[in-house]
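Good morning, colleagues. Please bring the model up on your screens, and I shall begin with the surroundings of a single side chain before turning to the chain as a whole.

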Amino acid sequence: MKKKRMLALLLTVAMAGTMLAGCGRSDGKEDEKGKNQAKSEGKVYYLNFKPEQADDWVKLAETYTDETGVQVDVQTAASGTYESQLKSEMAKEEAPTLFQVNGPVGLASWKDYCYDLSDSQIYKDISSDDYVLKEGDEVKGIAYVVETYGIIYNKAILNQYFELSDAAVKSVDEINNFETLKKVADGIQKHKDELGVEGAFTSAGMDSSSDWRFKTHLANLPIYYEYKDEGITSTDAIKGTYLENYKNIWDLYITDSTCEPSMISSKTAEDASSEFALGEAVFYQNGTWAYNDIKDMEVADEDMGMLPIYIGAKGEEEQGLCTGSENYWCVNKNASEEDIQATLDFLQWVVESDEGRDMLANTMGFVTPFTTFEDYLPSNPLVQANEEYNKAGKTPVSWNFTTMPSENWKNNVGSALLEYAQGTGKWDAVETAFVDGWATEYQAAHAE
């Protein structure tokens with residue numbers, strides 16, 4: 001009898017052990033594709049680059065945790081502080097398991113931290129290696145969003161301008177170079193009271209929430225055209241061939257504006273988006289990501305369009321919008337094996353699950369480079385504007401600002417732009433920061 005009881009007890013323990021082992025392998029759930037989703041013992045810490053999607057990532061992380069039980073923490077760096085915060089976080093014991101680099105220059109600083117993603121599911125889901133950062137055969141980073149920027153405009157107010165007797169042109173289709181853009185902006189500024197606006201362009205804020213629009217995104221244009229002339233994709237010494245063009249568009253932004261040039265140091269990204277969203281300005285340099293900040297206010301979706309940023313370069317009539325990515329996911333190879341696997345599982349869920357794809361495409365408004373998003377295209381009208389230029393055969397402007405030598409270079413250019421605008425500095429200082437600063441910062445970044 002005792003032997004029977006002992007045998008029963010041993011069988012019970014064995015069965016319990018099998019059940020526990022089974023729980024450790026899988027939570028038994030199946031996703032929409034019928035795959036058995038293993039419950040990871042690790043956790044995920046994502047340091048997010050994009051402040052405008054901070055809340056969305058937190059919600060998505062909570063959804064994943066509710067479904068899988070895996071802890072996902074999301075922290076978002078303040079605008080313009082990502083690199084410094086990443087350095088600080090990576091020095092901690094609980095470092096990010098998932099982080100971002102902005103392209104080849106960013107990768108150069110962080111490649112030793114990047115896990116090889118060549119065998120990952122998200123790499124298998126990518127549509128092209130054009131959206132991948134590699135070092136040799138290793139996949140160090142994968143872009144998760146393809147974005148577009150230019151000059152967002154208010155169609156309704158622009159149409160009111162076209163009806164004026166002295167309007168320079170009568171249709172937005174005629175605005176296809178800098179000369180015409182300037183004539184239209186000057187005309188709007190002249191008739192701003194009649195049109196009910198504060199200025200042609202939104203304020204060119206130069207605090208950290210906004211200055212990247214000009215020291216980085218606007219600065220891309222003179223770099224793009226110089227690279228195009230030279231037949232190159234990067235350089236250790238920029239010539240500054242198109243810096244006079246850079247000056248012309250900057251002058252237009254700060255002159256035909258909702259505020260005086262001397263005031264831009266106190267203006268923010270929120271000021272600019274509000275001015276456009278409330279119909280106080282016609283033009284607003286920003287990108288597809290800005291849609292969430294300006295939708296559902298005074299400007300209807302059907303009244304939002306986007307123009308290329310014209311600077312007076314030869315052949316710019318055939319120019320499209322600035323399209324590319326500076327958002328590459330990287331997995332921290334120094335994290336524990338469990339945390340790495342948890343991070344890879346999370347990324348796969350983001351790009352394959354209904355919840356993840358819906359959040360990226362419809363809530364965040366992203367165009368992604370993954371093949372899994374064929375049925376998840378955003379309704380963002382700014383994305384549609386880019387499609388129209390593509391269908392018309394216009395040439396997209398590549399994102400060459402990812403080759404800028406350092407964050408310090410950008411900051412020095414931004415400071416010089418601000419001083420010039422305020423009248424406390426000369427344009428020569430902008431050129432010096434742009435050209436001499438490029439060579440100096442490049443050498444410092446590549447010093448042995």
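Predicted model: local features only at pLDDT ≥ 70, side-chain atom pairs only at ≥ 80, totals over all residues.

Phe-283, apart from neighbours within four places in sequence, is in contact with Ile-151, Ile-152, Tyr-153, Leu-158, Leu-181, Val-184, Ala-185, Ile-188, Ala-200, Phe-201, Thr-202 and Leu-307, where contact means heavy atoms within 4.5 Å. Phe-283 belongs to strand β8, residues 281-287. Helices (H or I, at least four residues) and strands (E, at least two) are DSSP runs, numbered from the N terminus. The relative accessibility of Phe-283 is 0%, so Phe-283 counts as buried; buried means under 20% relative accessible area, exposed over 50%, and partly exposed in between, with a 1.4 Å probe and protein chains only. Between the C-alpha atoms of Phe-283 and Tyr-328, which are 45 residues apart along the chain, the separation is 29 Å.

Residues are numbered from 1 along each chain as its sequence is written, and side-chain values use heavy atoms, with hydrogens and water left out.

Now the chain as a whole. The protein chain has 18 helices and 12 strands, and its C-alpha trace spans about 105 × 50 × 40 Å along the principal axes. Of its 448 residues, 52% are buried. Among contacts with a separation of 6 or more, 73% join residues 24 or more positions apart. The accessible surface of the protein chain is about 20500 Å², and carbon and sulfur atoms hold 47% of that surface; the areas come from the Shrake-Rupley method with a 1.4 Å probe, and for residues only the protein chains shown count as cover.

Next, two residues whose side chains reach backbone oxygens. A polar contact here is a pair of N or O atoms within 3.5 Å; within protein, one must be able to donate a hydrogen and the other to accept it, and residues adjacent in sequence count only if both atoms are side-chain atoms. Ser-353 sits in the loop between α14 (337-352) and α15 (354-363), and its side chain reaches the backbone oxygen of Trp-349 at 2.6 Å. With a relative accessible area of 3%, Ser-353 is buried. Thr-68 is placed in helix α2, residues 54-68, and a polar atom of its side chain lies 2.8 Å from the backbone oxygen of Tyr-64. Thr-68 is also buried, at a relative accessible area of 15%. The C-alpha atoms of Thr-68 and Gly-106, 38 residues apart along the chain, are separated by 32 Å.

Is Asp-296 buried or exposed? Asp-296 is exposed, with a relative accessible area of 69%. Its place is the loop between α13 (291-294) and β9 (304-307), and although Asp-296 is not a glycine, it has a positive phi of about 60 degrees.

Finally, the cysteines. How many disulfides does the rule give? The count comes to zero disulfides, a disulfide being a pair of cysteine sulfur atoms within 2.5 Å. Cys-330 is in no disulfide, since the nearest cysteine sulfur, that of Cys-114, is 3.8 Å away. Cys-330 is buried, with a relative accessible area of 0%. Cys-259 counts as buried too, at 12% relative accessibility.
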